[in-house]
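Please open the model in a viewer and keep the selection panel at hand.

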Amino acid sequence: TFLLGIVVLTMLTDWKISLVMLILGMASSVYLYKWYMGVDTIPGDFDSLELKIVYCLMLTISIFIFKPKQQHQKRVEQKIDYLGEKVDVQDVQINRLESIKEEFIRNIRHEAHTPLVGITSLGQVMLQSYDHLDEKQRRGLIEQIAENSDRLESLVENIIDLSRLKAMSMNLKMEYTTLGDLVRDRVEFYKDLFLKNSDQEIVMNIESDVIKKCDRHYIGHAIDNLLRNAVQYGQGKPVKIDVRKSEDDAVEFEITDSGIGIPEE
């Protein structure tokens with residue numbers, strides 16, 4: 001009966017505890033038996049070879065059977081805890097991505113709506129009032145349509161680039177490019193398109209022979225975005241562009257406007 005109780009406790013407790021229980025339990029039983037019976041020796045049946053064999057088997061089972069089983073169970077529980085934590089982290093990331101996705105869709109709707117309305121409304125004005133407009137007014141409307149079209153094209157290109165980046169299918173056409181010439185080309189293009197009748201001044205300080213291997217299209221697109229932003233928020237004040245070599249054979253592109261600026265926080 002005692003050994004059966006030990007078996008049950010061994011299955012329910014840690015193998016180390018069950019090992020101690022077997023040893024202390026047997027020693028305590030012998031001591032208490034002697035004390036209760038008032039004898040100094042134990043009858044042969046109680047100290048028989050069969051009982052010793054069963055006792056040794058119980059020790060062996062605790063060490064070689066329950067120990068690996070309990071260790072395996074512990075590893076399984078640790079793995080379950082780890083996977084549970086990963087699931088929790090992924091849930092947080094999924095919720096965050098859903099929030100970003102919703103914000104992105106709202107921004108896309110707004111960013112696309114503004115130039116589309118501009119193109120549509122200005123086109124209707126030109127269609128309905130073309131004969132009543134002088135040359136300067138017509139040119140002004142066309143320039144606004146061109147500006148909204150360029151903004152819409154930039155938005156579409158950004159979305160396409162984003163989808164390519166997500167699909168890891170972006171193919172860059174890497175070639176050695178004189179960055180000073182590229183900046184000048186983009187500035188002249190911007191002036192011809194948006195600043196033909198404007199007094200907006202763009203000051204360029206470009207070092208010669210600044211050459212890097214890059215994708216001319218995407219670097220030019222980045223310059224366009226920065227230039228458009230500087231002019232748009234520059235409040236008509238001069239915009240300064242610097243292109244120079246820096247340490248470690250890197251290149252610094254710096255564009256400065258005198259507009260409202262970006263809050264420090």
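Helices (H or I, at least four residues) and strands (E, at least two) are taken as DSSP runs and numbered from the N terminus. With a cartoon coloured by these elements, the protein chain can be followed from the N terminus as α-α-α-α-β-α-β-β-α-β-β, which comes to six helices and five strands. The model is a predicted one, in which local features need pLDDT of at least 70 and side-chain atom pairs count only at pLDDT 80 or more, while totals for chains, interfaces and linings use all residues. Residues are numbered from 1 along each chain as its sequence is written, and side-chain values use heavy atoms, with hydrogens and water left out.

**The whole chain**

Accessible areas follow the Shrake-Rupley method with a 1.4 Å probe, and for residues only the protein chains shown count as cover. The protein chain exposes about 19,500 Å², of which carbon and sulfur atoms supply 57%. Of its 265 residues, 23% count as buried; here buried means under 20% relative accessible area, exposed over 50%, and partly exposed in between (1.4 Å probe, protein chains only). Contact means heavy atoms within 4.5 Å. Among contacts in the protein chain with a separation of 6 or more, 72% are between residues 24 or more positions apart.

**A nonpolar patch**

Select Tyr31, Leu32, Trp35, Tyr36, Met37 and Val39, which form a nonpolar patch on the surface with about 760 Å² of accessible area together. Patches are made of residues with over 30% relative accessible area and no salt bridge, like charges being joined within 9 Å and nonpolar side chains (Val, Leu, Ile, Met, Phe, Trp, Tyr) within 5 Å. Val39 lies in the loop between helix H2 (15–37) and helix H3 (49–129). Val39 is partly exposed because its relative accessible area is 32%.

**Helix H4**

Is Asn148 buried or exposed? Asn148 has 15% relative accessibility and therefore counts as buried. Its place is in helix H4 (residues 135–166). Leaving aside neighbours within four places in sequence, Asn148 is in contact with Thr114, Pro115, Gly118, Ile119 and Leu122.

**Salt bridges**

A salt bridge is a side-chain nitrogen of Lys or Arg within 4 Å of a carboxyl oxygen of Asp or Glu. By this rule the count is 10 salt bridges.

Select Asp181 and Arg184, whose side chains meet in one of them at 3.3 Å, N to O. Both residues lie in helix H5 (residues 179–194), three residues apart, about one turn of the helix. Asp181 counts as partly exposed because its relative accessibility is 40%; Arg184, at 35%, is partly exposed.

Finish at Arg244, Glu252 and Glu254, which are linked in a network of salt bridges. Between Glu252 and Arg244, the closest N and O atoms are 3.0 Å apart. Between Glu254 and Arg244, they are 2.6 Å apart. This pair links distant parts of the chain, with Glu254 in strand E5 (residues 251–256) and Arg244 in strand E4 (residues 239–245), 10 residues apart. Relative accessibility is 25% for Arg244, which counts as partly exposed, and Glu254 is also partly exposed at 33%.
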